[in-house]
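Dear colleague,

I am handing over the structure that we talked about, and below it you will find what I found when I went through it. Please read the notes with the model open beside you.

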Amino acid sequence: MESLFSLQAITEILSTSLRLSVPLVFAALAGVLSERSGVFNIALEGKILAGAFGAAFGAFLMEDPYSGLVVGMLFGMMAGSILAVLGVTFGVNQIVTGIAINIFVLGITAFLSRIVFGAQANTLRLPGFKAFDFPGLSSIPVVGPVLFGQDLMVYLMFICVGAVFLFLYRTPWGLAVRAVGENPSAVDSAGLSVTKLRYGCVIAAGALAALGGCYLVLSQVFLFSEHMSAGKGFIALAAVILGRWNPVGALCACLLFGFFDALQLRLQFNYQDVPHQFFLMLPYLISILALVGLVGKPRPPAAVGRHYRREAK
Amino acid sequence: MQRLYRILFHLRSVLAIVAALAVGSLLIIAAGSNPIEAYKTLFHGAFFDYWGFAATLVKMSPLLLAGLAVVLPLRAGLFNIGAEGQIYIGALFATIAALYLPVLPGPVHILICTLAGALGGALWALIPALLKAYQGINEIIVTLLLNFVALHFVSFMVSGPMIEPGAPYPYSPEIPDSLFLPHILPCSDAHFGVLVGIVIAIGMYIVFRRGVSGFTLATVGRNPEAARYAGISVKRHIIVSFMIAGACAGLAGTFEVLGHRYRLFHAFSQGYGYDGIVVAFLAGLNPFLAILSSMFIGGLRSGANMMQRAMGIETTVVEAIQGLVILFVAMSLAFRYRATAIGQAITRRKELEQALDEQTRDKKT
C-alpha cells in the first residue's frame with residue numbers, strides 16, 4: 001500500500017481536492033452574489049442541475065464543449081429568472097420558490113434527458129475540456145501539477161472568484177448590491193432600483209451556479225445523469241455561510257470541503273475493509289460540523305430572504 | 001364578481017394542477033404520444049381501477065406522512081426538507097425492532113415496531129431542531145445534508161451488519177410474517193398505513209383549528225417576539241414540532257417496511273421525502289387537504305406506471321409534471337387575495353358603497 005504522505009500522493013490529493021471543489025466554488029459564488037443582494041438562494045442545487053443538463057444538451061447537439069458551456073449558462077439563467085420573477089417581483093417566499101425550482105428542474109431534466117439522449121444516455125461520451133499544462137510552471141513540484149495542470153474551467157473558476165470579489169468590494173455597483181442586501185429602502189431612496197439590482201444578481205448567480213453543473217458534465221463525467229448534482233448545491237450553501245458571504249471566504253470553505261472529499265476517496269482506496277458508505281457520508285457530515293463548529297455567530301445580510309415592498313417601509 | 005374571484009383564489013391549487021397538466025401535455029406530445037389518451041390511461045389506472053387504486057393507496061401512505069412532516073414545522077415557519085432522511089432512519093429503527101426483538105404476539109410487536117420507527121424519525125429530526133434552537137443554524141441546510149447521511153448510513157447497515165446472507169444486492173432479511181400490516185383492500189397491496197396517515201392528518205387539522213398548541217405554534221411562526229412576550233417557549237416549539245414531524249416521516253418509512261416491502265432495502269425511498277414537500281404546498285399547508293393532495297400525487301405515480309405499460313411513455317414525464325405542479329403552486333402564491341389589483345379594487349368598492357350608504361342615510365335624517 002502506498003503511503004498517504006509521499007510527495008506524489010499529496011500532489012494527487014491536492015489536485016483532486018481542487019477538481020472536486022470546482023462545482024462547489026461556482027455554486028457558492030452564485031450563493032454569495034444573490035444572498036448579498038438579499039435573495040436567499042436555496043435553488044442553487046436546481047441551477048447546477050439545469051447547467052449540467054444544458055451543458056450536455058449543447059455539447060451533444062453542437063459536438064463541442066464551448067456550446068455546452070453557453071447553453072448550460074443559459075439554462076442556469078432561465079432557472080435564475082424564475083427565482084427573480086417570483087421571488088423579487090411577486091414577493092413569493094424565496095425559500096418556497098427555491099424549493100419549487102429544485103423539484104421542477106429535477107423532474108424536467110430527468111424527462112428531457114430521456115427524450116434528448118434516449119437509450120444512449122448512459123453510454124454517451126460527450127466532448128469536454130481537457131487538462132493542459134502551462135509550459136514551465138507545471139513542472140514545479142506539487143504546486144505545478146495542482147495549479148497549472150488543470151483544464152480551462154478551473155482557471156475560469158479562479159477568474160470568477162476574483163471578478164466577484166472585485167465587483168462586490170471595488171465597484172460602485174458592488175457597493176449598491178451589498179447595500180441592497182442590508183437595507184433595501186436606503187438604496188431605494190438613493191434612487192437605485194432594488195428590483196433591477198436583485199434581478200441582475202439572481203440571474204448572474206444562475207449563470208455562475210450553472211457553470212458548476214457544466215464542469216461536472218464537460219470536465220468530469222462527460223454525460224448527463226439524473227440528479228447528478230447530488231446535494232452539491234446544499235454543500236455550497238453551507239460554504240457560503242462558512243465563508244461569511246465573502247467570495248474568497250467561500251472559495252476557502254469549498255476548497256476545505258473539496259479536500260475532505262478527496263481525502264475520503266483516497267482513504268476509501270487505501271482502507272478497503274472500512275465500509276465505503278462511511279466515506280460517502282463524510283462530505284455531508286463535514287459540512288454540518290463546519291456549520292456547528294463556527295467560531296462566533298455568522299451574520300447573514302440583514303435583508304436576506306425578505307421581500308422588499310416600497311409602500312411597506 | 002367578488003365571489004367568483006374568491007372562489008378562484010381558493011381553487012388556486014386546482015388551477016395549478018390544471019396548468020401543470022396542460023404544460024405536461026406538451027411534454028407528452030414532445031415524447032410522441034397523444035396527451036388526451038395518455039391522461040385518460042393515467043387517471044383511469046390511478047383512480048378507477050381496483051388494482052390501480054390499491055397501488056395509488058400504497059404510494060399515498062408515505063407521501064401523506066411525509067407531507068405532514070413538512071406541514072407541521074411550517075406552521076411555525078420552519079422548513080423540514082429532511083423527511084427523506086427521517087424516512088430512512090425510521091425504517092431502520094422499525095426493521096431493527098422487527099428483526100432483533102424477541103418474538104412477541106403480532107399486534108404488540110407491530111405496535112412496538114411502529115413506535116420504534118416514529119422514534120427513529122423523531123431523533124433524526126431532533127438534530128436540526130437542536131441546532132436551530134440553540135445555535136441558530138439554518139435548518140434547511142442541515143436537514144438537506146442529513147438526508148444524504150441517512151441514505152448512506154442505511155445503505156451501510158443493509159450491506160454490512162444487517163444484510164440477508166447471500167443477497168445479490170443490499171437488503172435485510174425478511175421480517176416475520178406476523179408483523180405484516182393488514183391489508184385494507186382484499187387481495188391487493190393497499191395496507192393499513194394509509195389509514196394511520198389519514199387519522200394523523202385529521203388529528204393535526206383539529207389541533208391546528210381548535211387546539212391551544214396549534215394556536216401557540218402558529219403564533220411562534222407569525223411573530224416569535226410576541227410569542228416570547230406571551231410566555232410561549234419558542235425553543236420548545238421548534239424542538240417539539242420537528243420531533244413530531246420526524247415521527248410522521250419515520251412512520252412513512254416504517255409502513256414502507258411493515259406494509260409494503262417487508263424488508264429494508266438500500267435506497268428504497270426514491271424521493272418520497274421530497275415529494276412530501278409537493279404534497280404540503282399543494283395542500284396549502286392544510287393537513288386535511290394533504291389527504292387529497294397526497295392521493296393526487298400518489299395517483300400520478302401509480303398511473304404513470306400504467307401509462308408506461310399501455311402507451312410506452314416514460315414515467316419520468318410524471319416527475320416533470322410534478323415539478324410543474326409545484327412551480328405553478330409557487331406562482332399562484334403570487335396572487336394574494338388582498339394584494340392583487342382585483343382584490344384591492346374589491347376592497348375599494350366595498351368602502352365606496354359604505355360611504356355612499358352613509359351619505360344617503362345622512363341626507364335622510
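The largest nonpolar core has 232 residues, and those with the most contacts inside it are Phe26(A), Ala28(A), Leu29(A) and Ala239(A). Here a nonpolar core is a set of buried Ala, Val, Leu, Ile, Met, Phe, Trp, Tyr and Cys residues joined through C-beta atoms within 7 Å, and a residue is buried if 20 or more other C-beta atoms lie within 10 Å of its own, exposed if 12 or fewer, and partly exposed in between, with the C-beta atoms placed from the backbone. Helix H9 (residues 194-221) of chain A gives the most to this core, namely 17 residues; helices (H or I, at least four residues) and strands (E, at least two) are DSSP runs, numbered from the N terminus.

Please keep in mind that this is a predicted model, in which local features need pLDDT of at least 70 and side-chain atom pairs count only at pLDDT 80 or more, while totals for chains, interfaces and linings use all residues. Residues are numbered from 1 along each chain as its sequence is written, and chains are lettered from A and ligands numbered from 1 in the order in which they are written.

Chain A comes to twelve helices and zero strands. Its radius of gyration (taken over C-alpha atoms) is 20 Å, close to the 20 Å that the globule rule (2.2 Å times the number of residues to the power 0.38) gives for 313 residues, so chain A is as compact as a globular protein of that length. Buried residues make up 51% of the 313 residues in chain A, and its C-alpha trace spans about 65 × 50 × 40 Å along the principal axes.

Within chain A, helix H10 (residues 232-242) is mostly covered, since eleven of its eleven residues are buried, among them Lys232(A), Phe234(A) and Ala239(A). Leaving aside neighbours within four places in sequence, Ala239(A) is in contact (C-beta atoms, placed from the backbone, within 7 Å) with Leu24(A), Ala28(A), Ala250(A), Ala253(A), Cys254(A) and Phe257(A). The partners against which the buried residues of H10(A) pack include helix H1 (7-36) and helix H11 (247-270) of chain A, as well as H7 of chain B. Just after H10(A), Arg244(A) takes a positive phi of about 55°.

Another pair to look at is helix H6 (residues 152-170) and helix H7 (residues 172-182) of chain A, which pack at an angle of about 80° with their axes 5 Å apart; axes are lines fitted to C-alpha atoms, for helices over the stretch in contact, and angles run from 0 to 180 degrees between N-to-C directions. H6(A) and H7(A) are therefore roughly perpendicular to each other, as angles of 65 to 115 degrees are called, whereas those under 35 count as roughly parallel, over 145 as roughly antiparallel and the rest as oblique.

Turning to chain B, there are 15 helices and zero strands, and 52% of its 365 residues count as buried. Where the chains meet, 38 residues of chain B are in contact with 34 residues of chain A. The side of chain B that touches chain A divides into 28 nonpolar, eight polar and two charged residues, where Ala, Val, Leu, Ile, Met, Phe, Trp, Tyr, Cys and Pro count as nonpolar, Asp, Glu, Lys and Arg as charged, and the others, Gly among them, as polar.

Best wishes

Notes. Contact = placed C-beta atoms within 7 Å.
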